[in-house]
Amino acid sequence: MRTDPASTAAAILPLVGGPANVTSVAHCMTRLRLGLADPARVDAAALRSLRALPGVLGVVADDTSYQIVLGPGAVARVTTEFEELMRSAAAGDPADRSAAGGDTTVRGPAAGDPAVRGAVPSGERRRDAAPAKAVLRRVADIFVPLIPALIGCGVLAGVAGLLVNNGLLPGLAPALSAVSSAFMALIAVFVGHNTAKEFGGTPILGGAVAAVVVYPGVAKVTVFGTALAPGQGGVLGALAAALLGTYVEKWCRGRVSDALDVLLTPALTVLVAGLATLYGLMYAAGQVAAAFGTAANWLLSTTGAFAGLVLGGLFLPLVMLGLHQALIPIHTTLIEQQGSTVLLPILAMAGAGQVGAALAVYVRLRHDTSIRTTIRSALPAGLLGVGEPLVYGVSLPLGRPFLTACAGGAAGGAFIGCFAMLGDHVGAKAIGPSGWALFPLLAGNRGPAATAAIYAGGLLTGYAVGFAATYLFGLTHLPRTTTPAAARPTTAAAAPAVARITASAAAPAEARTATRVADPASGGTTAPAPDPASFQATPASDPTTARSAPSPPT
């Protein structure tokens, strides 16, 4: 059942502290990403209510940002409605302000409330935040807005490649190649724009400075005895250039008089940052980018199986923490350097392990109609590489299936890594969906058929190991007896407090509410760094114990 995006947005806004508490709004393929001025205004009760909203698959809270998992498609519609509510509130319309939750005061977290991890005063959260993690968050925020264009151009690039390889539509293939390649040729400008915006500068000045990186005229500039090449340094050089430009701009703003600010500040920003980019940053970023390519090739050629096992096994935790988007600049740099990224097919194996684990849960939990409905609705997206619905709706709440899904991803990654050690490299020509959707984007050194066969073998390995590990070990911790529904305790003292999320955006709200039962010891299912082993399944949902008392027909 599709939820109304306007209703979902209107319900979310007051729970995150109202319009005055929201500093930024963005979304990726599956998540609404909100920057909050004071995360402490989202208390434990508000967080529980947020997770219970129809259409919300999970919540990742970290420092000053909240990531609300809504699923593919739905997230774009809800984000549009959310931004409209923010504009209406900013315009001061009392009716819209009330609907948007402008009059709602969300108090700070109750001390000792186990339902939310990390719900501590914002100052303390900022002090405790790991600097490396904060940097990754900011890098991700720069690249997340670029994802729709990366996906769209990547799909078109895959179609153009298929046409060229098969000699089809020779008049259309060059046009598709031009359309799909234009964005990648100018991606440095967009990176510079977003970098300046993220770090408090003027976005258009950030784009202007970063444009130096891709300007064809840089070929006439010689640095250290070597002529520069347009695009040298790629997105890394653009990011560094825009960051430097932002600091130059801020320095000028504090020292130039108001009368001259409009003339001198932009000119000095572009001049200083532009020259520094030409005579230092492009060369340095080019060396770093080349080192990325060399390191990736060496890693897979010498330790391919082990590297694939580690990368494929650890990618799902990165997705859970929302840090996976920070890898986009590395993928983009590899594509600029080598024409493809050899890391994306390996990381895609994590999604294969997740699909295998979900299928095992579907088979084992035959009497749990709610979780089976969730799997049926989320599985198509999982097959196409969008794993959050399955992560937050199935494996993570159950605990061990999340770990066995990681095992499946590790096995699939090791499979592809083994072939890399043998000299058969599999890469992706563009960044986009993974899973089955990655086939048109594959590139390799052994031809399209061999490359597709290796990637398919990795997927099948991930499916098989994820399924087997989950079926044999992932559900053995479930209880062997069950209490009839009518006799089950419902008071807060007798029943656990929050531990599973079993409904996706396509599942009825009634099913979501009915199956959200919990264990306070788990500390919540979508905290920034939950321990999957601490989650427990709802006794009533355990098919291994409910065969003698199957659920009534719906």
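## A charge over a ring

R138 lies over the face of F199, 4.3 Å from the ring centre. A charge counts as over a ring if NZ of Lys or CZ of Arg is within 6 Å of the ring centre and within 35 degrees of the ring normal.

A word on the model before going on. This is a predicted model, in which local features need pLDDT of at least 70 and side-chain atom pairs count only at pLDDT 80 or more, while totals for chains, interfaces and linings use all residues. Residues are numbered from 1 along each chain as its sequence is written, and side-chain values use heavy atoms, with hydrogens and water left out.

## The chain overall

The chain has 21 helices and eight strands; these are DSSP runs (helices H or I, at least four residues; strands E, at least two), numbered from the N terminus. Of its 554 residues, 50% count as buried, where buried means under 20% relative accessible area, exposed over 50% and partly exposed in between (1.4 Å probe, protein chains only).

Among contacts with a separation of 6 or more, 74% come from residues 24 or more positions apart. Contact here means heavy atoms within 4.5 Å.

## Aromatic pairs

You will find five aromatic pairs in the structure. The F183 and F190 rings have their centres 5.2 Å apart and their planes at 40°, so this pair is tilted. F183 is buried at 11% relative accessible area, whereas F190, at 39%, is partly exposed. For rings of Phe, Tyr and Trp (its six-membered ring), a pair needs centres within 6.5 Å; planes under 30 degrees apart are stacked, over 60 edge-to-face, and the rest tilted.

How are the planes of F439 and Y455 set? They stand at 85° with ring centres 5.1 Å apart, so the pair is edge-to-face. F439 lies in the loop between β7 (426–428) and β8 (442–444), and Y455 in helix α19 (residues 448–474), so the pair ties together parts 16 residues apart in sequence. Y455 is buried, with a relative accessible area of 0%, while F439 is partly exposed at 30%.

## The open sheet

Four strands form an open, antiparallel sheet in the order β1-β2-β4-β3. β1 (22–27) and β3 (58–62) are the edge strands, each with a single partner, so one side of each has no neighbour in the sheet. From one strand to the next, the twist averages 15°. Helix α12 packs on this sheet, touching β2, β3 and β4, and its direction makes about 55° with that of β2. Axes are lines fitted to C-alpha atoms, for helices over the stretch in contact, and angles run from 0 to 180 degrees between N-to-C directions.

Inside the sheet, β2 (residues 31–36) and β4 (residues 65–69) pair in the antiparallel sense over five bridges. Two strands pair if DSSP finds at least two bridges between them.

Helix α10 (residues 203–214) has 12 residues and reaches 17 Å from first C-alpha to last, close to the 16 Å expected; the expected span is 1.5 Å times one less than the number of residues. Its buried residues include L205, G206, V209 and V213. The buried residues of α10 pack against α8 (173–185), α9 (187–198), α11 (234–253) and α12 (258–321).

G293 lies in α12 and is buried, at 4% relative accessibility. Its C-alpha is 6.8 Å from that of Q337, 44 residues apart along the chain. Leaving aside neighbours within four places in sequence, G293 is in contact with L334 and Q338.
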